[in-house]
Amino acid sequence: MTEDIGARIKSVRVRYGMTQQQFGDVIGKKRSTVAAYEDEGVLPSFNTLIEISNLFEVSLSYLLGMSEQLKMPQDESEIDEIAEVFGMNSEQINSVREGNESVLVLREVYNKVYGNTGE
C-alpha cells in the first residue's frame, strides 16, 4: 500500500509541475526524502501527509490509496464514502461533518491502519 501512496504523491507533484527538489523545499524535506516517499515505499508521517494534502488540495483518502476521490470532500455523500473506506465510527464521522477536530480523527484512523510513524 505504501507504493500506492508514493505513486499518488508523485502524480500530484508532477501535475503541479514541481521537481522533487522544489516539492521538498516547499514541505521542508530533502529531495532524497521526497524520492524515498515516491520510489522506495517510505511512508510519510501523518503530519507530512496533511501538508501534502493541503498543498495540492487533494484528499487524504486519495493519498492513502483508499479512494479515487482526488479532491477534498464537499458534501455528505463524499464524507460517507470516506468514512466507509476508513472504517470510521459514528462519533468520528460526526466530528468530521461538524468540522471539529477532523485532523485528529483522521490521525487516529491513520495510526490505527499504519501505526504511529512520526518523523
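Mentor: Arg13 and Glu38 are both buried, a term that stands for a relative accessible area under 20%, whereas exposed stands for over 50% and partly exposed for values in between (1.4 Å probe, protein chains only). The model is a predicted one, in which local features need pLDDT of at least 70 and side-chain atom pairs count only at pLDDT 80 or more, while totals for chains, interfaces and linings use all residues. Residues are numbered from 1 along each chain as its sequence is written, and side-chain values use heavy atoms, with hydrogens and water left out.

The side chains of Arg13 and Glu38 form a salt bridge, with 2.6 Å from N to O. Such a bridge is defined as a side-chain nitrogen of Lys or Arg within 4 Å of a carboxyl oxygen of Asp or Glu. Arg13 belongs to helix H1 (residues 2-15) and Glu38 to helix H3 (residues 31-39), so the pair ties together parts that lie 25 residues apart in sequence. A search of the whole structure finds one salt bridge.

Helix H1 also holds Arg15. With a relative accessibility of 54%, Arg15 counts as exposed. From C-alpha to C-alpha, Arg15 is 9.3 Å from Phe56, although 41 residues separate the two in sequence.

An α-helix has 3.6 residues a turn, so residues three or four places apart point the same way. Glu57 comes after H4 and sits in the loop between helix H4 (46-56) and helix H5 (60-63). Its phi is positive, about 55°, although Glu57 is not a glycine. Glu57 is partly exposed, at a relative accessible area of 47%.

These parts belong to a protein chain with eight helices and zero strands; helices (H or I, at least four residues) and strands (E, at least two) are DSSP runs numbered from the N terminus. Of the 119 residues in the protein chain, 40% are buried. Among contacts (heavy atoms within 4.5 Å) with a separation of 6 or more, 49% join residues 24 or more positions apart. The accessible surface of the protein chain is about 6,600 Å², and carbon and sulfur atoms account for 47% of that surface; accessible areas come from the Shrake-Rupley method with a 1.4 Å probe, and for residues only the protein chains shown count as cover.
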